[in-house]
Amino acid sequence: MRKAAFAGALLIAAAAPTTVRAQVASDAELAEKLANPISSLISVPFQYNYDCCFGPLDAERHLLNFQPVIPTKLSADWNLIIRTIVPLVSLEAPAPGFDNTFGLSDTLQSFFFSPSNTPSGVTWGVGPAIAWPTGTDPLIDSGKWSAGPTFVILKQKSGWTYGVLANHIWSFADAGGPNNRPEVDKTFVQPFLAYTWKDSTTLTLNSESTFDWTADERSFPLNLIVSHVYNFGKQPVSLAVGGRWYAETPDDGPDWGLRAIVTFLFPTGG
């Protein structure tokens, strides 16, 4: 099955042997940059998520997010960081009368304008977020064009990284087809706390809270993730695994989940 294939591949990669030699100093620096959502580091993560249990049938969801982060220097004083999330979803039928679903969900693209120099040690970025209607099934997409503001603020010191990333998007046009889909009015808030050791191992605690104001629903998962930077030849790669518990979820939402991430790292020198 396709969902088992991409899930298994990422989990095997995340559990790779630890005999690959870490370049301690540079790898720790890369790990700290990876903990910063708007650092001068090109990263290409493949994030696999497993969630259980949806609806009365306790359905499973397999979600693969392709989410590259591309920083660009606009001037001596300003950077532009483009973060993109392209979700590929496999969802079992959550209730009688539904079919299994496999396809793309909506793509979220965020553009952060961030100052190059932050004398206070606090890094921040602000800009627009756009949800592109790339979905292929009404069960996993909105059928709307949506946009709104996004921001991130964080501080890094002595191995610690802490901050918050947030956005809010509203729908402004239908994406074609039936125009009776609910309007999009959603807030996303992600506070995060991470500590990076000198060998590049990083422990991260975050939440990825979503507030759906149209449906009057909230989702509040807590993620605990451990990661480490390895070198495969000259290519640095971060491998991460973790678990998720839903402190609050919609009536037919999931209860718990797992996560595995393979992230290819490309330092920019900035």
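**View 1. Arg 218 and Glu 248 make a salt bridge****.** Here the closest N and O atoms of the two residues are 3.2 Å apart. A salt bridge means a side-chain nitrogen of Lys or Arg within 4 Å of a carboxyl oxygen of Asp or Glu. Arg 218 sits in strand S13 and Glu 248 in strand S14, so the link joins distant parts of the chain, 30 residues apart. (Strands are DSSP runs of E, at least two residues, numbered from the N terminus.) Arg 218 is partly exposed at 47% relative accessible area, and Glu 248 is partly exposed too, at 33%. For these labels, buried is under 20% relative accessible area, exposed is over 50%, and partly exposed is in between, with a 1.4 Å probe and protein chains only. This is a predicted model, where local features need pLDDT of at least 70 and side-chain atom pairs count only at pLDDT 80 or more, while totals for chains, interfaces and linings use all residues. Residues are numbered from 1 along each chain as its sequence is written, and side-chain values use heavy atoms, leaving out hydrogens and water.

**View 2. S13 and S14 run antiparallel****.** The two strands are joined by 13 bridges; strands pair if DSSP finds at least two bridges between them. Glu 248 turns up again here, standing opposite Phe 220. In the hairpin, two residues lie between the strands, and Gly 233 takes a positive phi near 70°.

**View 3. Arg 259 has a bridge partner and a salt bridge****.** S14 and S15 pair in the antiparallel sense over nine bridges, and Gly 242 has Arg 259 in S15 as its bridge partner. Arg 259 also forms a salt bridge with Glu 208, with the closest N and O atoms 3.0 Å apart. Glu 208 is in the loop between S11 and strand S12, 51 residues from Arg 259. What are the relative accessibilities of Glu 208 and Arg 259? Glu 208 comes out at 16%, so it counts as buried, and Arg 259 is buried at 6%.

**View 4. Lys 144 pairs with Asp 174****.** Their closest N and O atoms are 2.4 Å apart. Is Lys 144 buried or exposed? Lys 144 is buried, with a relative accessible area of 2%, whereas Asp 174 is partly exposed at 34%.

Methods: Helices (H or I, at least four residues) and strands (E, at least two) are DSSP runs, numbered from the N terminus.
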